[in-house]
Structure formats: C-alpha cells, structure tokens
Amino acid sequence: MSAEKDPVTVIGLGPMGQAMVRAFLTAGHPTTVWNRTASRADAVVAEGAVRAPSAAEALAAGKLVVLSLTDYDAMYAILGEVGDALRGRVVVNLSSDTPGRAREASAWLAERGAEHLPGGIMVPAELVGTESSYVFYSGPKAEFDRYEPVLRAIGRPDFRGTDPALGQAFYQAQLHVFLTSLAAYLESVALLGSLGVTAETFLPYAKDLFDMMSYYLPEASKNLDSGDHPGDAANVTMMGATADHILGAVAEAGIDGRLPAAVKALYDGAIEDGRGKESWTSLVEIIKKPA
Ligand code: NDP
C-alpha cells in the first residue's frame, strides 16, 4: 500500500525534521532522510525511514524534497554540493530566514532546474501532524496543488501566494508577535519577581491577558486597513503615559528596561507626530518608517 504513496525526502533532522519524518511515515509515505550529522538519523531510521548516504542520493529518491534546516545558508551549504541532483525536484523549504532570502533561493534553485516552495511551520516539533499544526507556503501554485495532499501529513497547508517571499513573511510576522509577547511576559515576571511574586502566582493573570488580547484585533484591523485611527477609547497620550510608567516600574525594580524603552520610543514618536488623540493603532505610522 505505502509504495503507492508519493516518496518524500527530508533533509535536516533536528527535532523539527525528525517530527516531520515521523508524520510522513505515519501517513504511509516512503521517506528518505539525510543529515549532516549522520547519527541524528538513527531514531527515524529505526522507525522506518531510509538513510541516504549523501544529500545527492537523498534527492535521487523522489521528486518532493522537504528541508528543515537552521537557515538558508545551511541549504546553500548542502545543495551547493549536489551537482545536477536538483534537476526536476520540488524543494519545500521550511527553514527559517527572511522573505528576501526565500525569493533569492527560488532564483538559485530555478537556475539548477528545481522549483521552490518556501514557507514555515507554525507549531513546535511535538505538535507536528496534529490538528493544531499549520504551515505557510508560497511559490508556484501548480506544484503546491500537486503536493498539497502529501504536505497535509505535517499540518494544514496554508498557501499564501505565488510570490516566494510571502510564506516566510507570514511566518516571521507570526513569530515576531510570538517572540515579542514572550519577552514582554518575561519582563513582567521579572518585575513581579523583584517584589517576591512567583511566576505561578502571576500565571492566571498572564493567561487571562494572553486569552483576551485577540479581542482588540478586529477593531485594530479596521483602523489599520483604512488608515483611520479614531482615539475615542484608548488614545496614544494615555497609552504613552502608561508606557512611561512601565519604564519607571522596571527602573525601580532594577531590571533590564530595553524592551519597554523600545515601546515607549514608539509612543514618543507618535506624540511628536501629533497623534496623541488618535488610537494606539496609529503607532503603525511610526513603525512603517525606518528608525
Ligand atoms: P536544529 O537546530 O535542531 O537543526 C538544524 C538542522 O540544520 C540540523 O539538521 C543541522 O545539521 C542543519 N544545519 C545547520 N547548519 C548546517 C550547515 N551549515 N550545513 C548542513 N546542515 C546544517 O533545528 P530544529 O530542528 O529545531 O529546527 C529546524 C527548522 O525548523 C528551523 O528553521 C526552525 O526555525 C524551524 N522550526 C523549529 C521548531 C521547533 O520546535 N524545533 C518550531 C517551528 C519551526 P546538524 O544536525 O548536522 O547540526
């Protein structure tokens, strides 16, 4: 039965690549693997993946190649050495990097006769292949459509457009909110910690806040798309004063103030720009310009 399913090659066997291999194997796809550090293939080979002796031989196993690498430099280091083995391949690159690097890589792969579907997976390794998992893709739509049923094994495929930059742009946009929110959460834990409050005590309040954040988004999106920022509810002057108080609180606590200082600088910029009476969403006009 499994021989009828499309073969998949996975290159890059960190926790994420290994989780992807397991999902493809579970879905019945013959899966060939290669990793620079060969021992990282041992566990998935024991579970049914086929170990290729070289990256070029891994590419020879099938048309669909999934990359799960640190960044695009790792891709060039590996695929720059495979000679003609890229010809006719569809490279699904789920390594993190910038949208511009994804676009460049599409041109580089096209010169070598390969199609490129760059993107990013939006869950930690342990959730790959579960209902929560989804994956951004961009690039040639026909190749996406051809392999979409196979790619479903690792998570719900979400095609963002034919510009190869788009998949990576959505990925980094999501991760920016993720990383920055987590850093702000840690700053708050440290602030409370300076007064002897534990993270466990803060937990229900932090959880409540994270759950409630999405409440603001529909109204904010309307403002952001229209460019109209009515400040009837929470304006820049009021929020900017709070940004200043947060900075004062972390200074009193004697902890690192770089993150709240960056946020306060945006409010200061908006106030200098005459936006004090507008909604907090008008900060985007400051963010849109280079610092
Ligand atoms: P790891 O750092 O564990 O693995 C990185 C992989 O890249 C390894 O296979 C490593 O090979 C390879 N690599 C790095 N540099 C080179 C190089 N110069 N030449 C050859 N191979 C190289 O990462 P993860 O598995 O955690 O993540 C892989 C990708 O998935 C990343 O882009 C990450 O951002 C993304 N991701 C990861 C998540 C996670 O939960 N782990 C969640 C969402 C996305 P070697 O083993 O030889 O070092």
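At what angle do the axes of helix H10 and helix H11 cross? Before answering, a word on the model: it is predicted, so local features need pLDDT of at least 70 and side-chain atom pairs count only at pLDDT 80 or more, while totals for chains, interfaces and linings use all residues. Residues are numbered from 1 along each chain as its sequence is written, and side-chain values use heavy atoms, with hydrogens and water left out.

Now to the helices, which are DSSP runs of H or I with at least four residues, numbered from the N terminus. The axes of H10 (residues 236-253) and H11 (residues 258-272) cross at roughly 150° and come within 9 Å. Here an axis is a line fitted to C-alpha atoms over the stretch in contact, and angles run from 0 to 180 degrees between N-to-C directions. H10 and H11 are therefore roughly antiparallel, a label for angles over 145 degrees, just as under 35 degrees counts as roughly parallel. The crossing is left-handed, meaning that the near helix is turned anticlockwise from the far one by less than a right angle; clockwise would be right-handed.

Which residues of H10 and H11 meet? From H10 they include Val236, Met239, Gly240, Ala243 and Leu247, and from H11 they include Pro260, Lys264, Tyr267 and Ile271; contact means heavy atoms within 4.5 Å. By class, this contact has eleven nonpolar, two polar and two charged residues. Ala, Val, Leu, Ile, Met, Phe, Trp, Tyr, Cys and Pro count as nonpolar, Asp, Glu, Lys and Arg as charged, and the others, Gly among them, as polar.

Next, look at H4 (residues 72-79) and H5 (residues 99-111), whose axes come within 11 Å and cross at roughly 15°. That makes H4 roughly parallel to H5. Their crossing is left-handed. Among the residues in contact are Tyr72, Tyr76 and Leu79 of H4 and Arg101, Glu104 and Trp108 of H5. The contact divides into eight nonpolar, no polar and three charged residues.

H7 (residues 165-193) and H8 (residues 199-212) cross at roughly 145°, with axes that come within 11 Å. This crossing is right-handed. Tyr185 and Leu192 of H7 are among the contact residues, as are Phe202 and Phe210 of H8.

Finally, turn to the ligand. It is surrounded by 22 residues, the closest being Asn35, Thr37, Arg40, Leu69 and Ser96; a residue is near if one of its heavy atoms lies within 4 Å. A ligand oxygen atom is 2.5 Å from a side-chain N or O atom of Asn35, and a ligand oxygen atom is 2.8 Å from a side-chain N or O atom of Arg40.

Technical notes: Helices (H or I, at least four residues) and strands (E, at least two) are DSSP runs, numbered from the N terminus. Angles under 35 degrees count as roughly parallel, over 145 as roughly antiparallel, 65 to 115 as roughly perpendicular and the rest as oblique. A polar contact is a pair of N or O atoms within 3.5 Å; within protein, one must be able to donate a hydrogen and the other to accept it, and residues adjacent in sequence count only if both atoms are side-chain atoms.
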